[in-house]
Amino acid sequence: MAQGMRMSQTKPGRCDYDVVIIGSGIGGLTAGAYLAKHGVRVLICEQNRKPGGCFASFKRKGYTFDAGIQGCEDMGLLLPILRELDLLDRIDLRRSKLAYAFPDCFCPLEQMGDLELIYDHLKKVFPRESNALDRIKKEAITLCRVMDAFAHAPNLMVEPLLGAVLKTPRWLIQHASGLRGLKHLTGLLNIPIDEYLSTFVRDQNLIRLLSAGYRGNPAAFSMSFLCTMMDYYYPARGGVQAIPNWLAKSILENGGEVRYGTLVEKILVEDGRATGVSVKGGERIRARFIINNGDIRRTFSEMVPSGAVPEEYARSLQQSNVSESVFSVYLGVDMPPEEIPTQGCGHVFLMPTYETLDLNEIDSNPDFYRRTLIMMMFPTLHDRALAPKGKSVVILQCAASIRSLNRWGTRKGKPTKKYGANKKEIATQLIANAEKLIPDLSKRIELQIESTPFTLQRYTLNSDGAAVGWTYHPRETFRQGFKGLFGSSNTPIRNLYQVGHWTMSPGGAPAGLMTGKIVSSIVRHRLRWGV
Ligand SMILES: Cc1cc2nc3c(=O)[nH]c(=O)nc-3n(C[C@H](O)[C@H](O)[C@H](O)COP(=O)(O)OP(=O)(O)OC[C@H]3O[C@@H](n4cnc5c(N)ncnc54)[C@H](O)[C@@H]3O)c2cc1C
């Protein structure tokens, strides 16, 4: 049941809802679940037939595939938020083990100390960079300790003030050594990893490899990335889709509404204030607050009246760069989960060569997809019901750009024969590389489906199929770093808030969870006090 009085009873008006949320990504659902739990009359409009956005899964011929994200890191947000929403036990998340695979070495990563395996192996491959790798290893572990301290910090977002205060001394003692690296972390937040490494690493192959191709990512992020992935969770049943499904269910249980197949076309603005939305088909829905979970750039260029936002803001949205997208190959494989040779690791980062390429070469170098890092996922290791008996789901993903291969062979955004051929060719390259880990993979494939940046763009309406919102590059992104966090959900239009990965940089799932929670609190308090 919703907690407290329904907001509609405290302040009746001519609005259909207290809050309309545009989109049911993890950000929109988090905001909606908190608002409904507190008795706010909330409606989510989602253009797709199911919730989730990048958290969606789909079914074909008895196999369930996670279309976008393949689980979720905790980062001190996922578990506490689901617990607070009474969903943690219902979703039943399990930790997914991670491994890093080089052409000649498989490194399972269960705890921070295991990261040393990676750097020690690289010292054998790049002996001239031995000193640099010792330094990088030390720094990476320092940064991981800081991240770990933050992930376990008393969190005022999800616990009462007194509880958080009482926990603080113990947390400070436990993480004292980790927190000593804080200065180092902040120093590396605004330096792209390649610029940082270039100050003491000469071998360009090593720089590319350590950046995992993402040259522009903040050094602090790139160097602690694997440790956040060690804290990765996957639902025991139903694939990744279980997370948005349960969030949507809890909204309904608490009296909220979710309308699927409902595309919001316009945000209604009167006297500089958002007052509602109009949806495809012409219906107008009035609300006191609008929360946008969709692509902020598209929203302000297509969905609000012209002149509703300052020119400089609109220009900055257009001029900032969006993140890379993803190419995915979803495989139904005639191989029992226990034969998958990954030592029980559900996620493997496979580096097929030591001569990898950078993402900034993605549009010009046709070799990119053959030489890039592949993320391999084996969800049937967590839940056998995701495939027919005795079979497995294998998912291969790599970074991709919508501009590659002459826009993948599309014409005016529509698929052509060439589009189909390009998808198959890149999939074949990824499968050939994946065979370095699963030798017989291609012979055991029963079902193969590919998705390109165009698929992601169509499904999520995110510009260019951007996987995490804005680019992580500190100088090219729209909103930089965490410094604007508490103000970043505000927009130039009153009563219109933004949640999800377009709200801040770095984006990704934690940004969705965090901004959903923050905006729900702001809106709830504004409704309560009538401000
Ligand atoms: C392949 C892949 C792997 C990823 N891996 C990771 C990872 O390991 N870790 C991590 O942190 N992040 C990862 N991400 C990123 C993460 O999944 C996303 O950043 C996050 O889920 C985005 O959530 P969001 O709330 O911003 O909304 P989105 O997921 O972008 O969803 C927005 C929703 O709004 C709907 N919508 C938009 N506009 C409208 C409209 N006008 N009317 C109605 N509906 C609308 C869309 O249909 C969509 O359902 C990955 C993403 C992808 C694609």
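Modeller: Two strands pair if DSSP finds at least two bridges between them. Strands (E, at least two residues) and helices (H or I, at least four) are DSSP runs, numbered from the N terminus. This is a predicted model: local features need pLDDT of at least 70, side-chain atom pairs count only at pLDDT 80 or more, and totals for chains, interfaces and linings use all residues. Residues are numbered from 1 along each chain as its sequence is written.

Biologist: Which residue in β8 is the bridge partner of A101?

Modeller: The partner is F106. Strands β7 and β8 (residues 105-109) pair in the antiparallel sense over five bridges, and they form a hairpin with two residues between them.

Biologist: In which sense do β7 and β15 pair, parallel or antiparallel?

Modeller: Parallel, over four bridges, with β15 covering residues 347-350. In β15, L350 stands opposite A101.

Biologist: Why is β7 largely enclosed by the rest of the structure?

Modeller: A residue is buried if 20 or more other C-beta atoms, placed from the backbone, lie within 10 Å of its own. Strand β7 (residues 98-102) is largely enclosed because four of its five residues are buried.

Biologist: How many residues surround the ligand?

Modeller: A residue is near a molecule if its C-beta atom, placed from the backbone, lies within 6 Å of it. Here 37 residues surround the ligand, and the closest are G23, G25, G53, G294 and G500. Helices α2 (26-37), α19 (453-460) and α21 (509-529) each supply at least two residues of this shell.

Notes
Buried ≥ 20, exposed ≤ 12 C-beta atoms within 10 Å, placed from the backbone.
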